[in-house]
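The following dialogue shows how several features of a protein model may be read.

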Amino acid sequence: SSFLLVEDKEVLYSYKSIMISNTSDVPTLAGGFVTIDTVKRGTEVSSRRTKIFCTLGPACWEVPQLEQLIDAGMNVARFNFSHGDHEGHKACLDRLRQAAKNMNQNVAVLLDTKGPEIRTGFFANDAKSITLTKGETLTLTNDYSYKGDNKKIACSYASLASSVDPGQSILVADGSLVLTVLSCDESSGEVITRVENNCSIGERKNMNLPGVVVDLPTLTEKDVDDIVNWGIKNGIDFIAASFVRKASDVMLIRKILSDNGGDGIKIISKIENQEGLENYLEILQATDGIMVARGDLGMEIPPEKVFLAQKYMIREANIAGKPVVTATQMLESMIKNPRPTRAECSDVANACYDGTDAVMLSGETANGQYFRQAVEIMVRTCSEAESSVNWNELYQSVRNSVRKRYQLSTSESLASSSVKTAVDIGAKCIIVFSESGTTARHIAKFRPGMPIAVLTPSAQVARQCFGFLKGCYAFVVDSLEETVKLTEEVLRECRVAGIAKVGDPVVIVSGVTFGSGATNQIKVEYVQDGQKGDDNRSHLDDNNAEFNGCVIS
């Protein structure tokens with residue numbers, strides 16, 4: 001309908017959260033906060049909320065280059081285990097941690113598993129490539145020892161003939177070759193296909209079977225070895241689990257972590273095919289975070305549907321309070337060019353508007369000579385998108401969308417109330433005392449318009465909060481027992497860094513455990529004038545005057 005008459009405020013907010021952009025201040029056309037002045041003003045990056053994941057590789061893995069990435073805005077360093085070995089990754093990890101120490105900043109570490117894969121085989125006569133012609137037939141065999149040619153090639157998936165049906169498509173080499181299934185012979189393990197486009201391909205190229213429920217394990221032996229003997233051993237912070245298709249996949253990974261002393265590591269489930277999308281809500285309940293893995297997803301579902309899947313996954317993750325990172329080809333052209341395309345910047349901005357907690361760079365940092373520029377333009381783009389968001393309306397939209405779906409838990413209710421209090425009194429920041437990071441995650445869920453400073457005795461929790469929770473900045477402290485002293489120190493830090501001035505209110509959220517239960521409290525403190533000599537440079541002022549994860553000494 002073109003007209004909307006709503007007497008129930010709850011329904012109104014529900015309608016807005018579905019139909020109206022976060023950038024609107026009333027139920028009308030999106031973009032109400034964007035004016036010509038918004039376009040003309042300078043970019044303010046110091047208050048950036050959206051986090052940035054950077055893939056490490058040859059272009060950026062020396063200490064001076066890693067320091068540049070940290071200085072530019074990297075929050076999480078991604079180690080791609082589709083390439084390299086344990087020794088090489090460990091050497092890079094050591095350099096990363098040295099760079100983070102030099103910069104006095106927390107940088108989280110993410111292990112991205114290789115996961116199961118389907119690949120073409122090798123060629124006869126030592127050929128490095130074959131040329132296929134549109135309209136010709138190509139036979140695929142599950143005998144992986146077969147040396148192929150332009151008539152017949154091997155496929156690593158043993159169940160291929162029983163998994164596909166005539167008329168279905170098979171995509172090879174990231175979709176550069178499209179095959180249509182003509183017939184299947186389960187007894188011989190062969191599938192006859194028609195070549196849909198002229199193409200030359202090399203050996204061992206990836207294959208995608210759109211819409212097919214494949215019979216492959218989520219974790220391979222290599223993945224388990226990588227997690228146990230590299231990830232847990234080296235105290236990493238996140239596992240990005242490839243090819244997650246159901247909640248039981250997440251539970252399997254969690255059991256492996258628990259059985260090997262890796263309980264503190266968070267699981268980010270990569271949704272990469274239609275089966276994962278269909279089981280998304282149950283995966284969301286089991287996982288710690290989500291990666292919208294648009295590369296393989298764009299092979300598994302029609303590319304024109306990927307943006308819809310992205311919006312669906314991000315919105316559901318926002319309602320569930322699970323952080324989500326949007327990945328793949330965000331600034332792809334910057335692998336070779338010093339400037340991105342306008343479409344790429346729009347892609348990053350739209351992910352921010354969708355509600356993503358983080359965005360990811362892959363080849364742009366791992367292999368591109370403009371790795372620092374890629375991070376800097378992503379920082380500026382995220383900051384510009386955030387500057388036109390009505391955070392107060394967004395808080396109300398999130399809260400009402402959550403309440404429409406389910407009853408808030410005690411911790412979520414406390415988090416919602418703390419954000420509401422901060423909005424009502426115009427607080428300059430929310431300070432959270434948290435051991436596990438759960439309270440911080442719940443507060444970040446409600447998208448406050450002011451920064452969230454997380455104080456925790458756990459270095460791993462600090463890295464996880466600073467690395468992946470939107471708007472969160474984390475500090476490692478010796479203990480949470482002396483909350484009065486800690487509060488005074490953080491208020492001083494806020495004042496010295498220029499985040500708040502004398503008399504400004506700050507919301508404090510803390511939890512105290514009694515026996516088997518816990519009680520939480522919210523209180524409001526006001527920034528006090530400092531003592532003489534108390535205006536030394538603040539920890540919060542390190543690196544571009546941001547709240548940055550560091551140790552408060």
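Q: Is Val-39 buried or exposed?
A: This is a predicted model, and every reading below is a reading of that model. A residue counts as exposed when its relative accessible area is over 50%. Val-39 has a relative accessible area of 62%, so Val-39 is exposed. Val-39 is found in helix H2, residues 36-40.

Q: Which residues form a nonpolar patch on the surface?
A: Val-39 forms such a patch with Val-34 and Ile-36. Together the three have about 290 Å² of accessible area.

Q: Why does Arg-78 count as buried?
A: The cut-off for buried is under 20% relative accessible area. Arg-78 counts as buried because its relative accessibility is 8%. This arginine is found in strand E2, residues 76-80.

Q: Which side chains are joined to Arg-78 by a polar contact?
A: The side chain of Arg-78 has a polar contact of 2.8 Å with that of Thr-55, and one of 2.7 Å with that of Asp-112. Not counting residues up to four places away in sequence, Arg-78 also touches others, including Cys-54, Leu-56, Leu-110, Met-360 and Ser-362.

Q: Where does Asn-75 lie, and is it buried or exposed?
A: Asn-75 lies in the loop between helix H3 (63-72) and E2. With a relative accessible area of 3%, Asn-75 is buried. Leaving aside neighbours within four places in sequence, Asn-75 is in contact with residues that include Arg-48, Lys-51, Val-107, Phe-466 and Gly-467.

Q: How do the side chains along strand E4 alternate?
A: In a regular strand the side chains alternate between the two faces of the sheet. In strand E4 (residues 129-132), Ile-130 and Leu-132 point to one face and are buried.

Q: How many bridges join E4 to strand E10?
A: Strands of a sheet pair through backbone hydrogen bonds, either parallel or antiparallel. E4 and strand E10 (residues 199-202) run antiparallel and are joined by 4 bridges. The bridge partner of Ser-129 in E10 is Gly-202.

Q: What is the order of the open sheet of 6 strands, and which are its edge strands?
A: The order is E6-E5-E9-E8-E7-E11, with mixed pairing. Strand E6 (152-154) and strand E11 (207-208) are the edge strands, each pairing on one side only. Strand E5 (residues 137-141) pairs with strand E9 (residues 190-195) in the antiparallel sense over 5 bridges. Leu-140 has Val-191 as its bridge partner in E9.

Terms used: Residues are numbered from 1 along each chain as its sequence is written. This is a predicted model: local features need pLDDT of at least 70, side-chain atom pairs count only at pLDDT 80 or more; totals for chains, interfaces and linings use all residues. Side-chain values use heavy atoms; hydrogens and water are left out. Helices (H or I, at least four residues) and strands (E, at least two) are DSSP runs, numbered from the N terminus. Buried means under 20% relative accessible area, exposed over 50%, partly exposed in between (1.4 Å probe, protein chains only). A polar contact is a pair of N or O atoms within 3.5 Å; within protein, one must be able to donate a hydrogen and the other to accept it, and residues adjacent in sequence count only if both atoms are side-chain atoms. Contact means heavy atoms within 4.5 Å. Two strands pair if DSSP finds at least two bridges between them. Patches are made of residues with over 30% relative accessible area and no salt bridge: like charges are joined within 9 Å, nonpolar side chains (Val, Leu, Ile, Met, Phe, Trp, Tyr) within 5 Å. Accessible areas come from the Shrake-Rupley method with a 1.4 Å probe; for residues, only the protein chains shown count as cover. A salt bridge is a side-chain nitrogen of Lys or Arg within 4 Å of a carboxyl oxygen of Asp or Glu.
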